[in-house]
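Here is a walk through a protein and its ligand.

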Amino acid sequence: MNNNSLLSHRNEEPENGILYMVGTPIGNLNDISQRALNILKNVSFIACEDTRQTKKIMNKFNISNKLISFNKHNSSIKIPKIIKDLREGKSIAIVSDAGMPGICDPGEDIARCLKCEGIDIICIPGACAAITALVSSGLPSSNFVFEGFLPKKQIDREKILLDISKNEKTTIIYESPKRLRKLLKQLFEFCGGDREIIVARELTKKFEEHVGNNINDVIDFFKDKDIIGEITIVIKGINKGDLKIDKLTIKKDLNDLINAGLSLSAASKYLAKKNGIKKSEVYNMI
Ligand code: SAM
């Protein structure tokens, strides 16, 4: 199949040799599409992150089909088997526990491998927590950055927090309820308490809630609460030209770096990168 035939793909029944990445609900089972149900019913088998989760959908919609487990622990063994099955003409669906496979869920690696092997992938679109949170946040939603789960390693994490503090685009983050307080504290440190933010909890579920408006309010809201459920955070970008350059701090940092042995040029280059400004602007502050 070439790229043009992919574009004109209209067949509702699964086709031999194709992998279907099927979006499933992020809470409300009624969010599944007719097309997804049809594919799940008619593929040769379904590769799912957790068979118990997928069975909930199968039972609700009276679908019986073979399920195999496919997750981050067994994907390196399962991917070659799936490729072999596809080459032999089977049609296969990949589903994660919730939402779109491949978005912080198993699916990304197999999609990459299949692309390299020249095997076709069709996505059956469904709910995604990031997009659901973004659209309901009321924050600018046409240009955004999706960070998924922030890295745990401090240096990598701080780099992304710094990027978020300077970004003009809306940022979306996934976080576990256990770590939400720590993340909010860090967002406060990097972005300040006034930055607009929405914490979306339990989207599409019975106790769905959207907590805002700024980082101070959200920290206050969760202060004495047991935080449970699934959480997606949407952070507004800064307004164009709003990046406050703290000249005094930059001058002090420059002195410290030079005293520590860095050349003026190296210190300026480092501070320019750190503060998202030009090297010449650092020179001009001296
Ligand atoms: N593949 C999924 C998707 O398309 O959204 C994301 C899977 S990722 C492993 C799970 C994270 O997504 C959760 O920790 C949470 O941050 C977010 N999430 C999933 N369901 C959610 C919901 N109903 N409400 C809010 N956030 C949710």
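By class, the shell around the ligand holds 12 nonpolar, 2 polar and 5 charged residues. Here Ala, Val, Leu, Ile, Met, Phe, Trp, Tyr, Cys and Pro count as nonpolar, Asp, Glu, Lys and Arg as charged, and the others, Gly among them, as polar. In total, 19 residues surround the ligand. The closest are D105, A129, Y174, I231 and T232. A residue is near a molecule if one of its heavy atoms lies within 4 Å of it.

A word on the model. It is predicted: local features need pLDDT of at least 70, side-chain atom pairs count only at pLDDT 80 or more, and totals for chains, interfaces and linings use all residues. Residues are numbered from 1 along each chain as its sequence is written, and side-chain values use heavy atoms, with hydrogens and water left out.

Now the polar contacts, which are pairs of N or O atoms within 3.5 Å. A ligand nitrogen atom lies 2.8 Å from an N or O atom in the side chain of D105. Backbone atoms take part too. A polar backbone atom of I103 is 2.9 Å from a nitrogen atom of the ligand. For A98, a polar backbone atom is 3.1 Å from a ligand nitrogen. The protein covers 91% of the 570 Å² of accessible area that the ligand has on its own (Shrake-Rupley method, 1.4 Å probe).

Which parts of the fold build the shell around the ligand? Strand 7 (170-175) and strand 10 (231-235) each supply at least two of its residues. Strands are DSSP runs of E with at least two residues, and helices are runs of H or I with at least four, numbered from the N terminus.

Step back to the domains. The assignment gives domain 1 (3-127), domain 2 (130-235) and domain 3 (247-284); such bounds come from an automatic or database domain assignment. Domain 1 and domain 2 each give at least three residues to the shell around the ligand. The centres of domain 2 and domain 3, taken over C-alpha atoms, are 31 Å apart.

Two backbone details remain. C104 has phi near 55 degrees, a positive value in a residue other than glycine. C104 sits in the loop between strand 4 (92-95) and helix 5 (108-117). The peptide bond from G212 to N213 is cis, with omega near 10 degrees. N213 lies in the loop between strand 9 (209-211) and helix 9 (215-222).

Note on methods: A polar contact is a pair of N or O atoms within 3.5 Å; within protein, one must be able to donate a hydrogen and the other to accept it, and residues adjacent in sequence count only if both atoms are side-chain atoms.
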